[in-house]
Amino acid sequence: MSIAENILKVKSELPEGVRLVAVSKTKPAGTILEAYKAGQRCFGENRAQEMAAKHPVLPADIEWHFIGHLQSNKVKYIAPFVSLIESVDSRKLLNEIDREAARNHRIIPCLLQFHIAEEETKFGLSVEEAEQLLDSYLVRQERNIRICGVMGMATFTENMEQVRKEFSHLREIFLKLKSRYFENDPAFCEISMGMSDDFQTAIGEGSTMVRIGSRIFGPRNRHD
Ligand SMILES: *Cc1c(COP(=O)(O)O)cnc(C)c1O
C-alpha cells in the first residue's frame, strides 16, 4: 500500500479526538511530502538536527513534534519552530526550553515523559520526579512553556495485557497530576501513547495522541 493509503487506513481506525502524529524519523523530506499531500500535517522526529534540517525544506504549516530524548544543548535547533516537545524528562531540560522559547518570543508546549515500561533503557520520569519538577514549576512560573500533558512508551512485548496495564498506569498518572496541579488548566489535556503495534490498546486506555511510524512509512531504516 502507498503512504497515502496507509494514512487513510490508520486514520479510519482512530476515534474522534485522537490525533495522529506520523513518525517520520530517518525518512527523507520527499517521503514526508507524500504524507503531507495525503493530508497529514503533524510529524514526529527524534533527533534535533534532523528535524531542524527538514523544517525549512517542507511546507510551513507542518506541526513538528519532538518525540525523542532531547539533550539541553540541542534545544536551540528546534526552539524557533517546534509545535510540541513530547519528551521532557528533567528539570534541566525544562529550564533550557523555557530559555530558548523566550529567546524566540514563543511559548513552547511540552509533555512530561514517564517511564512506564519494564525496560531499563526507556527514558522518562517517575511520578516522584514529576511532582518535584511540577512543585518548582508552579513556584517559578516559567512564562515560555506550557505543560500540556504526559507521554509514555510501553514495553516492547507481545504480552498485550502488560502493555494495557502500562498504558492504564500512564492514564492514572495523568489524572493524578491533573487534579493536583492542573485542575483549572484546560491546556493540560493530552495523553500521548500508542505506536504502530499497540495503538489500539492505547486508545482503549484513553490515549489522545498516537505516534505511528512503521505502519505508515514501512519498516524503519535503522534501529531507533
Ligand atoms: C519510533 C517511535 C515511534 C513510532 O514507532 P513505530 O513502531 O514505528 O510506530 C513512536 N514513539 C517514539 C517515541 C518513537 O521513537
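The shell around the ligand in this predicted model comprises five nonpolar, three polar and four charged residues; here Ala, Val, Leu, Ile, Met, Phe, Trp, Tyr, Cys and Pro count as nonpolar, Asp, Glu, Lys and Arg as charged, and the others, Gly among them, as polar. Twelve residues surround the ligand, the closest being Lys25, Ser196, Arg211, Gly213 and Ser214. For serine 196, a polar side-chain atom is placed 2.6 Å from an oxygen atom of the ligand. An N or O atom in the side chain of lysine 25 is 2.7 Å from an oxygen atom of the ligand. The side chain of arginine 211 has a polar atom 2.9 Å from a nitrogen atom of the ligand. The ligand taken alone exposes 390 Å², of which the protein buries 93%; accessible areas were computed by the Shrake-Rupley method with a 1.4 Å probe, and for residues only the protein chains shown count as cover.

Residues are numbered from 1 along each chain as its sequence is written. Local features need pLDDT of at least 70 and side-chain atom pairs count only at pLDDT 80 or more, whereas totals for chains, interfaces and linings use all residues, and side-chain values use heavy atoms, with hydrogens and water left out.

Helices (H or I, at least four residues) and strands (E, at least two) are DSSP runs, numbered from the N terminus. Strand β1 (19-23) has four of its five residues buried and is therefore largely enclosed by the rest of the structure; buried means under 20% relative accessible area, exposed over 50%, and partly exposed in between (1.4 Å probe, protein chains only). Strands are taken as paired if DSSP finds at least two bridges between them. β1 runs parallel to strand β8 (residues 209-212), to which four bridges join it, and leucine 20 has valine 210 of β8 as its bridge partner. β1 also pairs in the parallel sense with strand β2 (residues 42-45), over two bridges, and phenylalanine 43 in β2 is the bridge partner of alanine 22. The chain passes from β1 through α2 to β2 in a right-handed β-α-β crossover, that is, with the strands pointing away from the viewer, the path from the first strand over the helix to the second runs clockwise.

Threonine 26 is situated in the loop between β1 and α2. Although not a glycine, threonine 26 has a positive phi of about 70°, and this residue is buried at a relative accessible area of 15%. Isoleucine 32, in helix α2 (residues 29-37), is buried with a relative accessible area of 0%.

All five of the five residues of strand β4 (residues 84-88) are buried, so β4 is largely enclosed by the rest of the structure. Two bridges connect β4 in the parallel sense with strand β3 (residues 63-66), where histidine 65 has leucine 84 as its partner in β4. Strand β5 (residues 108-114) also runs parallel to β4, again over two bridges, and isoleucine 85 is partnered by cysteine 110 of β5. A right-handed β-α-β unit is formed by β4, helix α5 (residues 91-103) and β5. Histidine 105, in the loop between α5 and β5, has a positive phi of about 55° although it is not a glycine, and counts as exposed at 74% relative accessibility.

Notes. A residue is near a molecule or strand if one of its heavy atoms lies within 4 Å of it. A polar contact is a pair of N or O atoms within 3.5 Å; within protein, one must be able to donate a hydrogen and the other to accept it, and residues adjacent in sequence count only if both atoms are side-chain atoms.
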